[in-house]
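Student: I am new to this structure. Can you show me how to read its features, starting with a sheet?

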Amino acid sequence: MSDRLLIVDFGSQVTQLIARRLREAGVYCEIHPYQQVDQTRLKELDPKAIVLSGGPASVIEGEAPAADPAIFAAKVPVLGICYGEQTMAKELGGTVEAGHHREFGRAELEVTAKSALFDGVWQPGDRKQVWMSHGDRVTRLPPGFGIIATSENAPFAAIADEQRKFYGVQFHPEVMHTPDGAKLLRNFALNIAGFKGDWTMAAFKDRAIAQIRSQVGKGRVICGLSGGVDSSVVAVLLHEAIGDQLQCVFVDHGLLRLDEADQVVRLFRDHYNIPLIHADASEQFLKALDGVTDPEHKRKTIGALFIDVFEAEAKKVGGAQFLAQGTLYPDVIESVSFTGGPSVTIKSHHNVGGLPARMNMKLVEPLRELFKDEVRALGRELGLPAELVNRHPFPGPGLAIRIPGNITKDKLDLLRKVDAVYLDEIRKAGLYDDIWQAFAVLLPVRTVGVMGDGRTYDQACALRAVTSTDGMTADYYPFEHAFLGRVANRIINEVRGINRVTYDITSKPPGTIEWE
């Protein structure tokens, strides 16, 4: 086992980005909720260093989350980020106050002293951009600490006790809006804590296989296979871990893209030789979704029916104790806290927040800690073909969340044709691999148009294409107008029922990538 860095989670929406940056530096790390990190747990984990995450609470509230004193008695380097700095300062004898000017967004930091945390990155006198998100702030330092950087509204924007190797930063080094943040985290892990930086995706694969075998034992596993990157990686990983204990089930819910069901079945039966049941449940899903217009209700309806189908298929093959899913961290953090902690729910995902409590199988989710690009790296490590590994994300609820309002077979067929034309033009232009995700949305409106000498009153569609690194933030792809005009022309000419095409230029945030 590699040396371990422990991230103590206080509920920040970007806690997993800390792990991401550290993994990029070749450091093995685990995230655990603050409630579970006490003296006994620390002894079991035996971390080489500890990072305290940010969080939504206020340190000065009566029942605010607090870092356990055992963390600071463990005699390992500690880095507190935002809320982590505040709880560290308070627990070690400093003061945190509210009522001062808040800082949200980009801020300018002035480096005031040399520090091992800044070594080779920042020097005294430098002014650097960072990303702040805080209301409270440290106003008196604990004994042994000194100021190493300030900002306009945070006089203790970065603090250090170099002797004990305790550091605190009010800003967020894990987000891309702090340009040098990854270098600071690397300094902490490699230079201060002494990690070798030799952890790899191959190591993650080996650990995941060992964990799957430990969790499953001799039990049987049903894997929910959609044919997308996430579930495909899960299926191949599981097959490598437990062989014929695995039974893949492809639920054709009738919400897939054009010809997708045939492609999935052909790939896994012929290419991978993995046992696969093709369960055509499209009529069941369409019936269940009839009249359902609320996005949350859609996701939960689809999630519940997925489990019904899986349970039925499990009984047909002699029973299974486990259900495997391709759940990723962005799914989890938008549905519930990764740790069960206090982070805010953005929306339920069909395979996370939508799972019914009555489910009769235990979950196996080996990708739950990974972002999409890390899943792609794992897929390459497992030998999956490039055309599959590099495929754009496709949501579990499929086209249901790309049709605002009621779902019908006619609407699905219409959207499938639009989507196929759009992706075909993207591939012809050589842009597919430059885009994180591209898709079409069928809008719940009709518009007046003119075709030939006649009036039309047909539906409108929206095209969406975004660039992103991890799915947590995204920006629209800047297509040339000539490209958009060509796509719109093809859609209107080839897809009967569409007479208007729009392009969505909303970033995430404030929008999400999908429309529902």
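Tutor: Start with pairing. Two strands pair if DSSP finds at least two bridges between them. Keep in mind that this is a predicted model. Here, five strands form an open sheet with parallel pairing, in the order E14-E13-E12-E15-E16.

Student: Which are the edge strands?

Tutor: An edge strand pairs on one side only. Here these are E14, residues 276-280, and E16, residues 362-364. From one strand to the next, the twist averages 30°.

Student: How many bridges join E15 and E16?

Tutor: Three bridges, in the parallel sense. E15 covers residues 322-324. Take phenylalanine 322: its bridge partner in E16 is lysine 362.

Student: Which helix lies across E12, E15 and E16?

Tutor: Angles compare N-to-C directions and run from 0 to 180 degrees. Helix H6, residues 201-216, lies across these three strands and runs at about 165° to E16. Strand E12 spans 221-224.

Student: Now the core. How many residues are in the largest nonpolar core?

Tutor: The largest nonpolar core here has 93 residues. Those with the most contacts inside it are Leu238, Leu378, Tyr422, Ile426, Phe479 and Ile491. Helix H7, residues 229-242, gives the largest share of this core, nine residues.

Student: What does isoleucine 491 touch?

Tutor: Leave out residues up to four places away in sequence. Isoleucine 491 then touches Val418, Val421, Cys461, Leu463, Ile498 and Val501. Another core, of 40 residues, lies apart from the largest one. Among its residues are Ala25, Leu109, Ala154 and Phe171.

Conventions. Residues are numbered from 1 along each chain as its sequence is written. This is a predicted model: local features need pLDDT of at least 70, side-chain atom pairs count only at pLDDT 80 or more; totals for chains, interfaces and linings use all residues. Side-chain values use heavy atoms; hydrogens and water are left out. Helices (H or I, at least four residues) and strands (E, at least two) are DSSP runs, numbered from the N terminus. Contact means heavy atoms within 4.5 Å. A nonpolar core is a set of buried Ala, Val, Leu, Ile, Met, Phe, Trp, Tyr and Cys residues joined through side-chain atoms within 4.5 Å. Buried means under 20% relative accessible area, exposed over 50%, partly exposed in between (1.4 Å probe, protein chains only).
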